[in-house]
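Grab a pencil and work through the exercises below. Try each task yourself before you read the solution.

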Amino acid sequence: MSEAEVLTEVDGNVLIVTINRPDAKNAMNKAAAEGISAAMDRLDAEADLRCAILTGAGGTFCSGMDLKGFLRGESPSIPGRGFGGLSEWTPKKPIIAAVDGYALAGGMELALSCDLIVASASSKFGIPEAKRGLAAAAGGLIKLPRQIPPRIAMELALTGDFISAQRAYELGFINQIVEGPSLDAAKALAAKVAENGPLALIASKGIIRDSHEWTEEEMWKKQQAYIAPVFTSSDAREGAAAFAEKRKPNWQGK
């Protein structure tokens with residue numbers, strides 16, 4: 001992993017991960033994908049980290065695959081994890097995308113792979129691969145119709161047109177629109193997430209992520225596997241005690 005391609009910093013209980021290729025509009029190459037993948041491993045490994053923010057340097061989130069790297073034979077994907085180390089896999093803990101500028105092609109698919117999205121008012125989203133004779137193979141054709149109305153997803157895939165942050169918000173694709181850079185608002189949202197019980201965060205993300213695959217007959221049983229460790233944890237007792245005592249919980253993650 002090249003430190004220059006992906007930067008990380010810790011802000012309280014939040015890991016901030018920045019794609020640092022502004023001269024290339026943060027186009028994804030092998031080193032950047034490896035950097036994001038390593039950062040996500042760190043997120044899950046370090047108990048004090050509750051969630052991550054993924055953003056891009058220089059006013060752009062990610063413009064997709066780095067074509068120069070592609071022509072050199074590099075892949076911007078990690079085996080088993082996909083484009084940018086994230087499109088086919090997700091860490092246990094939540095990820096917030098802080099989007100400025102363009103989130104296009106693989107960049108939009110990276111945003112799709114995050115759990116929450118905060119975007120600047122001037123940002124644009126799109127999967128324009130069809131305009132180049134390609135298809136959005138890093139999750140755009142699979143995940144997008146699960147997150148917005150399928151006919152709108154079909155339109156975006158077949159036309160390759162971009163949509164504004166406002167339109168993305170109206171479709172329920174993003175959580176917040178902000179004036180100016182998105183990172184401060186993403187930090188505020190992450191701070192709210194990080195205040196909560198770490199086991200509860202992991203279980204809640206896991207159920208929302210996985211439950212679309214469950215049948216009605218099995219959903220309660222499958223949910224129980226995620227929920228049971230939360231309700232029997234020390235943190236559950238601590239949360240109840242803190243509420244009764246009108247104080248801030250002291251989470252242990254166990």
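A disulfide is a pair of cysteine sulfur atoms within 2.5 Å. What you see is a predicted model, where local features need pLDDT of at least 70, side-chain atom pairs count only at pLDDT 80 or more, and totals for chains, interfaces and linings use all residues. Residues are numbered from 1 along each chain as its sequence is written, and side-chain values use heavy atoms, with hydrogens and water left out.

**Exercise 1. Cysteines**

Task: Find how many disulfides there are, and explain why C114 is in none.

Solution: 
- Step 1: Apply the cut-off, and the count comes to zero disulfides. C62 is in no disulfide, with the nearest cysteine sulfur, that of C114, 11 Å away.
- Step 2: Check where the two sit. "Buried" means under 20% relative accessible area, "exposed" means over 50%, and "partly exposed" is in between (1.4 Å probe, protein chains only). C62 has 0%, so C62 is buried; C114, with 8%, is buried too.

**Exercise 2. The whole chain**

Task: Describe the overall build of the protein chain.

Solution: 
- Step 1: Look up the secondary structure. Helices (H or I, at least four residues) and strands (E, at least two) are DSSP runs, numbered from the N terminus. The protein chain has ten helices and eleven strands.
- Step 2: Picture the box. Along the principal axes, the C-alpha atoms fill roughly 60 × 45 × 35 Å.
- Step 3: Look inside. Buried residues account for 47% of the 254.
- Step 4: Look at contacts (heavy atoms within 4.5 Å). Take those between residues at least 6 apart in sequence: 66% of them join residues at least 24 apart.

**Exercise 3. Salt bridges**

Solution: 
- Step 1: A salt bridge is a side-chain nitrogen of Lys or Arg within 4 Å of a carboxyl oxygen of Asp or Glu. This rule gives twelve salt bridges.
- Step 2: Take R21 and E5, whose closest N and O atoms are 2.7 Å apart. R21 lies in the loop between β2 and α1, while E5 is in the segment before β1 (6-11), so this pair ties together parts 16 residues apart in sequence.
- Step 3: R21 also meets D66 in a salt bridge, at 3.3 Å from N to O. D66 is in the loop between β3 (51-56) and α2, 45 residues from R21 in the chain.
- Step 4: R21 is buried at 16%, E5 is buried at 16%, and D66 is buried at 8%.

**Exercise 4. Another bridge**

Task: Where in the chain do K205 and D115 lie?

Solution: 
- Step 1: Check the distance. The closest N and O atoms of K205 and D115 are 2.9 Å apart, and the pair forms a salt bridge.
- Step 2: K205 is in helix α8 (residues 198-210) and D115 is in the loop between α3 (106-112) and β8 (116-120), 90 residues apart.
- Step 3: Compare their cover. K205 is buried at 9%, whereas D115 is partly exposed at 33%.
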